[in-house]
Amino acid sequence: MAVLLLGEVTDGQLSVDATAKALTAAKMLGDVTVLCAGAKAADAAAEAAKLDGVKKVLCAEDASLGHRLAEPTAALIVSIAGDYSHIVAPATTDAKNVLPRVAALLDVMVISDVSGVVDADTFERPIYAGNAIQTVKSSDGKKVVSIRTSTFDPAGAGGSAPVETISAAANPGLSEWVEDKVAASDRPELTSAGIVVSGGRGVGSQADFALIEKLADKLGAAVGASRAAVDSGYAPNDWQVGQTGKVVAPQLYVAIGISGAIQHLAGMKDSKVIVAINKDEEAPIFQVADYGLVADLFAAVPELTDKL
Ligand SMILES: Cc1cc2nc3c(=O)[nH]c(=O)nc-3n(C[C@H](O)[C@H](O)[C@H](O)COP(=O)(O)OP(=O)(O)OC[C@H]3O[C@@H](n4cnc5c(N)ncnc54)[C@H](O)[C@@H]3O)c2cc1C
């Protein structure tokens, strides 16, 4: 089996974490070729070539591939799809944009958010906010698969795959980049951070979310939030963790003023160590927490930050 893995390329650089985790799953399916596409992608391709188990890297550089538009990237993938049995990508915002178009052009389904590979045709994925695991067997001739990165360990370094330059496909011209509004942050990226500190509705206001941010900065952590905190305007949308937010599995997840609704747990319950701070000892978050502190967060969090 030959597998084409879409590398996660941002501003010419490879997101090694997401790509290496998807690579672990892709390797279970066959020989993996990584595609790095962007306005600039040579550095990303060189980085991908070092990942353990990569057989070949394809590097496509073209202005049309530079702004995360689904159409030119999907056209490129479809133009080379004939050589591959599987087209795989990490289940990131980017791939969620590109893969449905690839699948539609190939007239196959997308097998999304895969958390386990049973065999080349059969995959596991979470459903019902992670409360059940569905096993999907596809008879499509070509499988288009997105990988839930939080459930796979990253492939290591040590590879030295050859890099081949390829041309972009003709731009279908169906969309045009206008502007990116990117929030600048010195904090680690939420989905790949080793530590995440999240605040919920219990934090009470946008101003008081500074308590969460201070603790996060002390720990070198990313900041997350529950949907209730986001909907209340305490935290920006891209901090949301959960079923309709981001899925994270850090070494340490600290949930503060979060009750632990199943939709929130769906985004963080695979974290290695979970710490919860909540004033209600009956809060469901304590059922998944490794360490629980029943306390008022307005007292406990500043004290914890000071002591750290
Ligand atoms: C289709 C669907 C998708 C959803 N997707 C998501 C999702 O992606 N992510 C998500 O998070 N939710 C999601 N939700 C919403 C989810 O059901 C919950 O409503 C939400 O997670 C609750 O957020 P919360 O825990 O911050 O708020 P609450 O449930 O209101 O909990 C607040 C907690 O703070 C504690 N608290 C209050 N004051 C203090 C204090 N001073 N000190 C310490 N503790 C305090 C309280 O005891 C309480 O446990 C989704 C819901 C639906 C229906």
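A: In this predicted model, R68 is found in the loop between β5 and α3, the helix that spans residues 70-80. The backbone of R68 has a phi near 60 degrees, which is a positive value in a residue other than glycine. With a relative accessible area of 35%, R68 falls between the limits of 20% and 50% and is therefore partly exposed. Strand β5, which is named on one side of this loop, covers residues 54-61 and contains E61. E61 is partly exposed at a relative accessible area of 38%.

D113 belongs to strand β7, residues 110-114.

Consider next helix α1, which runs over residues 16-27 and holds T24. T24 has a relative accessibility of 19% and so counts as buried, the cut-off being under 20%. The side chain of T24 reaches the backbone nitrogen of A155, at a distance of 3.1 Å. T19 also has its place in α1, and with a relative accessible area of 0% T19 is buried. The C-alpha atoms of T19 and L51 are separated by 9.2 Å, and these two residues are 32 residues apart along the chain.

G7 sits in the loop between β1 (2-6) and β2 (9-10), and it counts as buried at 7% relative accessibility. Between the C-alpha atoms of G7 and E71 there are 16 Å, for a sequence separation of 64 residues. T93, by contrast, is placed in helix α4, residues 93-106. Since its relative accessible area is 68% and exposed means over 50%, T93 is exposed. T93 and S112 lie 12 Å apart in space, C-alpha to C-alpha, and 19 residues apart in sequence.

The ligand itself may now be considered. It is surrounded by 25 residues, of which R201, S226, T244, S259 and N278 are the closest. By class, this shell is made up of seven nonpolar, 13 polar and five charged residues.

Polar contacts with oxygen atoms of the ligand can be listed residue by residue. The backbone of G245 places a polar atom 3.3 Å from an oxygen atom of the ligand. From the side chain of Q263, a polar atom lies 2.8 Å from a ligand oxygen. N278, already named among the closest residues, has a polar side-chain atom at 2.7 Å from an oxygen atom of the ligand. On its own, the ligand has 990 Å² of accessible area, and the protein covers 76% of it.

As to the elements that contribute to this shell, those giving two or more residues are α6 (227-231), α7 (262-265) and α9 (297-307). The space that the ligand takes is the second largest pocket.

Conventions
Residues numbered from 1 in each chain as written. Predicted model: local features only at pLDDT ≥ 70, side-chain atom pairs only at ≥ 80, totals over all residues. Heavy atoms only, no water. Near = heavy atom within 4 Å. Polar contact = N/O pair within 3.5 Å; in protein donor to acceptor, adjacent residues only side chain to side chain. Areas by Shrake-Rupley, 256 points an atom, 1.4 Å probe, with all protein chains shown as cover. 1 Å grid on protein atoms, 1.4 Å probe; cavity = no way out; pocket = protein on both sides within 12 Å on 5 of 7 lines; lining within 4 Å. Sits in = over half its atoms within 2 Å of the grid points. Helix = DSSP H or I, 4+ residues; strand = E, 2+ residues; numbered from the N terminus. Nonpolar A, V, L, I, M, F, W, Y, C, P; charged D, E, K, R; others polar. Buried < 20%, exposed > 50% of the residue type's maximum accessible area, 1.4 Å probe, protein only.
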